[in-house]
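Keep the sequence and the 3D view open while you read.

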Amino acid sequence: MDKLRIQGGHRLVGEIAISGAKNAALPILCACLLTADPVHLHNVPNLQDVRTMLALLGHMGVHIDLIAHTPGATGQTVTLQAQKLLELTAPYDRVKAMRASILVLGPLLARFGAARVSLPGGCAIGSRPVDQHIKGLCALGADIHLEHGYIEAHIPGAFPAGGNIYSTPTDNAKPIRLKGHRIIPDMITVTGTENILMAATLAEGETVIENAAREPEVTDLARFLVAMGARIEGIGTDCLVIQGVERLHGATYTIAPDRIEAGTFLCAVAATGGELTLRNVDPTSLDVVLDKLREAGLILEVGTDTIHAIMRDRPRAVSFRTSEYPAFPTDLQAQFMALNCVAEGQACVTETIFENRFMHVGELIRLGASIIIEGNKAWVTGMPFVSGANVMATDLRASAGLVITALAARGETTIDRIYHLDRGYDAMEKKLCAVGAQVERIGSMPTLSSPSIHEVARNEAHA
Ligand code: EPU
């Protein structure tokens with residue numbers, strides 16, 4: 001199992017190109033199931049969750065044709081075509097590897113009339129049920145029951161065509177479709193909104209999703225669906241209105257920049273000091289985050305797609321409360337907690353999205369942080385310094401928090417179970433080393449020789 005060895009105490013100076021957003025890429029890859037035509041995606045980040053999603057799509061029979069670096073662009077280009085599928089099932093082993101596999105449910109059901117998706121279990125950060133995905137799809141007319149750990153879904157009367165091959169029925173055999181409906185999820189859910197939105201694009205008539213998630217990743221998915229011919233109004237608001245169409249077509253699309261990756265590097269420079277320029281970033285998706293970083297003392301110059309950050313002094317501690325977009329993102333809670341560990345003053349961090357997202361606290365304390373947890377609040381007292389130690393990553397964003405603390409610590413830190421970090425960050429240690437950090441991967445699988453999306457997807461598609 002790979003580990004990261006970090007020598008702390010180096011200022012970060014230089015330029016980092018931000019990759020495409022993981023949480024936009026994952027639903028957009030699933031949306032390719034909604035059409036028989038090829039879909040071309042640019043700026044796809046090269047990270048484990050994307051490889052896992054491509055492997056799942058390849059397993060179902062999606063043809064993953066071309067994956068290449070686009071000259072002058074960041075990220076990778078992936079071409080997918082879901083003309084005919086061999087499987088309408090997302091099996092347990094794959095969903096267990098990545099909960100976002102649930103995002104195939106809406107598209108499969110809407111286009112093929114049936115889907116079988118393993119029910120994701122709980123995970124390290126919370127119980128994370130998917131009841132709102134199911135409720136929404138049932139409101140659109142799906143018949144869904146749970147059996148043997150699987151979500152068994154179909155549209156009554158729809159029998160997916162063709163023995164072992166599933167394809168869109170021809171014009172003379174019109175598909176039985178989901179039916180538009182008004183849906184109000186009990187709480188704001190990102191992937192829940194995405195699943196219902198994707199299903200609604202091919203439903204008959206109008207669907208209204210109220211209390212919809214407004215996260216930029218939902219917006220990016222909606223824009224991609226529009227590029228495929230979907231009719232969606234209210235994009236970026238909490239009320240999405242979808243007029244279902246009979247068919248969607250192929251599209252070419254560039255995945256939006258990852259706001260969480262950008263926020264992570266900004267927290268890193270705020271904790272270590274130095275001067276960083278982020279390229280290929282969308283500052284408009286980071287409003288609250290940039291305000292909090294200014295409060296912490298980071299000097300920011302914001303361009304259209306760049307952010308220049310200078311940190312000269314020790315940061316000031318900042319209190320915040322996670323909530324749905326446009327409020328402070330839970331996916332940056334651990335990174336800001338890391339910043340607070342070395343800041344001047346005391347801060348209160350309140351987590352309102354997930355019930356168990358303080359797993360990193362025990363490990364931060366091993367590095368010398370002073371943190372007290374009371375329910376969903378963590379009181380952090382900034383220390384003049386923290387010191388390197390052996391620690392263990394517990395989930396993706398917790399790993400990023402540990403990396404930031406280790407970069408600011410005196411001496412050497414070794415972070416175990418770094419596979420969590422690889423799930424969601426594209427070449428993080430390479431990017432950090434390029435701006436002066438001393439980060440070394442130790443273990444069996446160095447990043448540079450790890451399989452590219454290309455190799456994994458092709459192997460899967462042909463397995
Ligand atoms: N919830 C339910 N029932 C549902 C759906 C959600 O009770 O049917 C609850 C959840 O348990 C949670 C809250 O609603 O308490 C919000 O969860 P949400 O559904 O919004 O989370 P998600 O869609 O599973 C996505 C991101 C997460 C990010 C959250 C919140 C993807 C693939 N994942 O998860 O990203 O933390 O939204 O913004 O988009 C990460 O990248 O590290 C990550 C965990």
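**Exercise 1.** Which residues in α1 meet which residues in α2?

*Solution.* Before we start, note that this is a predicted model, where local features need pLDDT of at least 70 and side-chain atom pairs count only at pLDDT 80 or more, while totals for chains, interfaces and linings use all residues. Residues are numbered from 1 along each chain as its sequence is written, and side-chain values use heavy atoms, with hydrogens and water left out.

Step 1: find the two helices. α1 covers residues 22-31 and α2 covers residues 48-60. Helices (H or I, at least four residues) and strands (E, at least two) are DSSP runs, numbered from the N terminus.

Step 2: look for contacts, meaning heavy atoms within 4.5 Å. On the α1 side you will find Lys22, Ala25, Leu26, Leu29 and Cys30, and they meet Asp49, Val50, Met53, Leu54 and Leu57 of α2.

Step 3: sort these residues by class. The contact of α1 with α2 has eight nonpolar, no polar and two charged residues. Here Ala, Val, Leu, Ile, Met, Phe, Trp, Tyr, Cys and Pro count as nonpolar, Asp, Glu, Lys and Arg as charged, and the others, Gly among them, as polar.

**Exercise 2.** Describe how α1 and α2 are oriented.

*Solution.* Step 1: read the geometry. The helices pack at an angle of about 5°, with their axes 10 Å apart. Axes are lines fitted to C-alpha atoms, for helices over the stretch in contact, and angles run from 0 to 180 degrees between N-to-C directions.

Step 1: name the arrangement. That angle makes α1 roughly parallel to α2. Angles under 35 degrees count as roughly parallel, over 145 as roughly antiparallel, 65 to 115 as roughly perpendicular and the rest as oblique.

**Exercise 3.** Is Asn43 buried or exposed? Is His148 buried or exposed?

*Solution.* Step 1: recall the cut-offs. Buried means under 20% relative accessible area, exposed over 50%, partly exposed in between (1.4 Å probe, protein chains only).

Step 1: apply them. Asn43 has a relative accessible area of 4%, so this residue is buried. His148 has 72% relative accessibility and therefore counts as exposed.

Step 2: place each residue. Asn43 lies in strand β3 (residues 38-44), whereas His148 is in the loop between β9 (143-147) and β10 (150-154).

**Exercise 4.** Which residues come nearest to the ligand?

*Solution.* Step 1: list the neighbours, taking a residue as near if one of its heavy atoms lies within 4 Å. Of the 22 residues around the ligand, the nearest are Gln132, Thr189, Thr191, Asp331 and Ile353.

Step 1: look at atom distances. An oxygen atom of the ligand is 2.6 Å from an N or O atom in the side chain of Asp331. For the side chain of Lys22, an N or O atom is 3.0 Å from a ligand oxygen atom.

Note on methods:
Polar contact = N/O pair within 3.5 Å; in protein donor to acceptor, adjacent residues only side chain to side chain.
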